Protein chains: 2
Amino acid sequence: MGNPKAAMIVIGDEILSGRTRDANMHHLAQALTKMGIDLCEARFVSDDEAAIVSAVQELSQRCDHVFTSGGIGPTHDDITADCVARAFDRPIDVRDDARALLEAHWNARGVEINEARLRMARIPEGARLIDNPVSIAPGFTIENVHVMAGVPSVFEAMVATVLPQLTGGKPLLSQSLRIERGEGEIAGPLSALAKRHPQLSIGSYPFQRDGVYGANIVIRGTEGAEVDAAMAELADLFPA
Amino acid sequence: MGNPKAAMIVIGDEILSGRTRDANMHHLAQALTKMGIDLCEARFVSDDEAAIVSAVQELSQRCDHVFTSGGIGPTHDDITADCVARAFDRPIDVRDDARALLEAHWNARGVEINEARLRMARIPEGARLIDNPVSIAPGFTIENVHVMAGVPSVFEAMVATVLPQLTGGKPLLSQSLRIERGEGEIAGPLSALAKRHPQLSIGSYPFQRDGVYGANIVIRGTEGAEVDAAMAELADLFPA
């Protein structure tokens, strides 16, 4: 549909081991859909240098935007910034403006900045900082990759800063119809409807609860009139 | 650590568009960790043939096991079985044993099986069926790829069938300590602890709630004695 394409990389052993459940992907997916950027892939990788570097390289070449979440804190398992620098073959070091942000924050609290905290001021050469109103340590954008924190409140604040700077596409409109019949009964006419409207994405999401079963049919597209027309056809095919 | 390695592929536009939030990855991650299989990557792709085929090919070569979720129902957007067949260059058609399962189910309800429902009996040549006690239509295993449904109750039932047939590794043991100090203060000694125990995975997960902040430090490993020893060192480093 010509909309910009995005990918997400979620970094962290704690998610792949099942210890914590990621919330950032769902948040980003909804925010991107609203502004007409298509999230085409999300990849969850562990705190492993080779895995992060190759995901960044592959997805930044294939998509218009890449968003990463996680691995930019002060501890030894926070290796995202170094991996992203390596993916673009850029030097990385403590940068003065990032350091100044952290120093001001900690000095105001009477705490001296130490080596670990300074890790959070390591920024690849040529990157633009992403403001962190929650806990100061910034994210950054380099090329088409936006590197953000994993803590959901910080991730969401950074997304709110970054997205308005991007050019969106036509927002995806969607309408849905709940049909209390089995998918096997719906599928034939639905497939014909999808063929008549190749510009639309028509999905069928089955449900089963308290003995009632059926499917929610969701019709998505960027042209409101066509979505309306297909919805009317759908309602005719399956009268309540 | 020599444990078997696994990857997951979650298939479906509805998750990448933010319409629904995936629950299957978290379920599988916890189940695999319990039996000592390491989930190394999870990839969310849309209902797109090329994306599914290449994810299956790449991950099945790189990992011991691949688990897929989604896209095996009767509607036109259910293309997973065909994509997996294509990834392994196998023919795919309606298979008698799968058809018999579906016919018995529908005939008992006085419903004739139609073309759409028969789609769910399409199985790549050489695959082994995975029982579906919830809604009958089977999943299948081909080579090292386990193809399962996206509906969480069905996915979980299929996982419960498949996992006991796999050889696990040493289950990952984990212990955690809540430390009410900023990560920037913890990071230095923690990094040294991690270097002293290269066989362990030591993660730091910051929290901040009601004005109290700190980090949960999680130490994971397959040898209980070493996890215990590192936990004791950690407790000495940061007395409550």
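Two strands are said to pair if DSSP finds at least two bridges between them. In this predicted model, β2(A) and strand β2 (residues 38–45) of chain B run antiparallel and are joined by five bridges. The contact as a whole draws 49 residues from chain A and 49 residues from chain B.

**Strand pairing across the chains**
- Opposite A:A42 stands B:F44, a residue of β2(B).

**Extent of the interface**
- Between chain A and chain B, an area of about 4,200 Å² is buried.
- Carbon and sulfur atoms give 55% of that buried area.

**Polar contacts and salt bridges**
- Residue pairs in polar contact between chain A and chain B, with both residues at pLDDT 80 or more, number 14.
- Two salt bridges are found across the interface of chain A and chain B.
- A salt bridge connects A:E41 with B:R43, and their closest N and O atoms are 3.8 Å apart.

**The side of chain A that touches chain B**
- Elements of chain A that give two or more residues to this side include the helices α1 (13–16), α2 (24–34), α6 (115–119) and α8 (183–196).
- The strands β2 (38–45), β10 (201–209) and β11 (212–221) of chain A also give two or more residues each.
- Helix α8(A) provides the largest share of this side, with eight residues.
- By residue class, this side of chain A divides into 20 nonpolar, 17 polar and twelve charged residues.

**Domains of chain A**
- Chain A is divided into domain 1, covering 5–165, and domain 2, covering 173–237.
- The centres of domain 1 and domain 2 of chain A, taken over C-alpha atoms, are separated by 37 Å.

Methods:
Residues are numbered from 1 along each chain as its sequence is written. Chains are lettered from A and ligands numbered from 1 in the order in which they are written. This is a predicted model: local features need pLDDT of at least 70, side-chain atom pairs count only at pLDDT 80 or more; totals for chains, interfaces and linings use all residues. Side-chain values use heavy atoms; hydrogens and water are left out. Contact means heavy atoms within 4.5 Å. Buried area is the accessible area (1.4 Å probe) that two parts lose on being put together, summed over both. A salt bridge is a side-chain nitrogen of Lys or Arg within 4 Å of a carboxyl oxygen of Asp or Glu. A polar contact is a pair of N or O atoms within 3.5 Å; within protein, one must be able to donate a hydrogen and the other to accept it, and residues adjacent in sequence count only if both atoms are side-chain atoms. Helices (H or I, at least four residues) and strands (E, at least two) are DSSP runs, numbered from the N terminus. Ala, Val, Leu, Ile, Met, Phe, Trp, Tyr, Cys and Pro count as nonpolar, Asp, Glu, Lys and Arg as charged, and the others, Gly among them, as polar. Domain bounds come from an automatic or database domain assignment.
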